[in-house]
Amino acid sequence: MSPAPAALRGVRGLLLDLDGTLYDPDGPIPGAAEAVVRLRAAGLALRYVTNTTRQPRAALVERLGRLGLPSAADEIFTAPRAAVAWLEAHAVRRVALHVAAAAAGEFGRFRIDDVGPEAVVVGDLGPAWTFERLNRAFRQLGDRATLLAIQKNRHWRSPEGLVLDAGPFVAALEYASGRSAVTVGKPSAAFLEAAAAGLGLPLADVALVGDDVVSDVGGALAAGARGVLVRTGKFRPGDVEAAGVRPTAVIDSVAALPGLLGL
């Protein structure tokens, strides 16, 4: 067993991104399940963190289980859950939803108001982002509603290649309305703090492992955690230089994580 690099010493918990890090459209990342088993056996606290709005937690638990990555619902921290927490903390009662049907159930405690909402909640709708839908969201913002972005990822990797995520549509609404969105998913510091709190650890003792150099690694570093970039999923050569982010470490895949940590 070799010691971990100095920059990763003291890590007691891990926030593991899902899509592109533990699996991709082709299936599990080779060695991912074995890596997670070794990390758990070493006593590291784990949480799975994701910005997806297309699958509820129950579906994610089922998918992880099929891929040899058993988990419980309370081990998965999602951006829609963070959005609900923000709305409750700010006493919002009326919302307009522009999220995938799979995520809509998370917002059942709020009144859906397409005419005078207090917040317009925006997630990933894929092809459902038509001009009419985007224009409706713009009009719903009016003069007072909060633009609440579940996440602002630029793109994600589908079976057909890279496709637009929610970020470009959030940016369009920001530009049209002249207001900045409140972002609750990665790379929001509040999102990462809540995920780390679920581990009972400060962010200084946590590393986030992901394939997005901006949303995953940049967000982790800005929040005070460590950030490990994997060369799988949406990763492309030149990403690090283009983003101007210096990851704590870069590895070929999550399969190399136990060795990186000296396990």
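**Pockets, strands, core and rings**

Trainee: Let's start with the second largest pocket. How does its lining split by class?

Mentor: By class, there are 5 nonpolar, 3 polar and 7 charged residues in that lining. Keep in mind that this is a predicted model.

Trainee: Okay, and what's the volume of the second largest pocket?

Mentor: It comes to about 340 Å³. The lining has 15 residues, and the ones closest to the pocket centre are Arg 154, His 155, Asp 212, Val 213 and Val 214. Helix 8 (213–223) and helix 9 (239–243) are the elements that each give two or more residues to this lining.

Trainee: What about the largest pocket, how much space is in there?

Mentor: About 420 Å³. It has 25 lining residues, with Asp 19, Thr 50, Thr 52, Trp 156 and Asp 165 nearest the centre. The elements giving two or more residues here are helix 2 (57–66) and strand 10 (155–158).

Trainee: You mentioned strand 10. Which way does it pair with strand 11, parallel or antiparallel?

Mentor: Antiparallel, over 4 bridges, with strand 11 covering residues 161–164. A hairpin of 2 residues joins the two strands.

Trainee: Switching topic: what order do the strands take in the open sheet?

Mentor: The order is 7-6-8-9-12, five strands with parallel pairing. Strand 7 (111–112) and strand 12 (182–183) sit at the edges with a single partner each, so one side of each has no neighbour in the sheet.

Trainee: How many bridges are there between strand 8 and strand 9?

Mentor: There are 4, and strand 9 is residues 146–149. Look for Val 121 there: it stands opposite Leu 148 in strand 9.

Trainee: Now the largest nonpolar core. Which residues touch the most other members?

Mentor: Val 121 again, along with Leu 15, Leu 87, Val 95 and Phe 107, out of 33 residues in that core. At least two residues each come from helix 3 (79–89), strand 6 (94–98), strand 8, helix 7, strand 13 (206–210) and helix 8.

Trainee: Which element has the largest share of this core?

Mentor: Helix 3, with 6 residues. As background, nonpolar side chains tend to be buried together in soluble globular proteins.

Trainee: Last topic, aromatics. How many pairs does the count give?

Mentor: It gives 3 aromatic pairs. Take Phe 77 and Phe 191: their ring centres are 4.9 Å apart and their planes are at 55°, so that pair is tilted. They link distant parts of the chain, with Phe 77 in strand 5 (residues 76–78) and Phe 191 in helix 7 (residues 189–199), 114 residues apart.

Trainee: Are Phe 77 and Phe 191 buried or exposed?

Mentor: Both are buried.

Trainee: Why does the pair of Trp 129 and Phe 169 count as stacked?

Mentor: Their planes are at 15°, with ring centres 5.2 Å apart, so the pair is stacked; the cut-off for stacking is under 30 degrees. Trp 129 lies in the loop between strand 8 (119–122) and helix 5 (131–141), and Phe 169 is in helix 6 (residues 167–177), so the pair ties together parts 40 residues apart in sequence.

Trainee: What are the relative accessible areas, starting with Trp 129?

Mentor: Trp 129 has 9% and is buried. Phe 169 is buried too, at 16%.

Terms used: Residues numbered from 1 in each chain as written. Predicted model: local features only at pLDDT ≥ 70, side-chain atom pairs only at ≥ 80, totals over all residues. Heavy atoms only, no water. Phe/Tyr/Trp six-rings, centres within 6.5 Å; stacked < 30°, edge-to-face > 60°. Buried < 20%, exposed > 50% of the residue type's maximum accessible area, 1.4 Å probe, protein only. 1 Å grid on protein atoms, 1.4 Å probe; cavity = no way out; pocket = protein on both sides within 12 Å on 5 of 7 lines; lining within 4 Å. Points joined across faces, edges and corners; volume = space filled by probe spheres on them. Nonpolar A, V, L, I, M, F, W, Y, C, P; charged D, E, K, R; others polar. Pairing = 2+ DSSP bridges. Core = buried A, V, L, I, M, F, W, Y, C linked by side-chain atoms within 4.5 Å.
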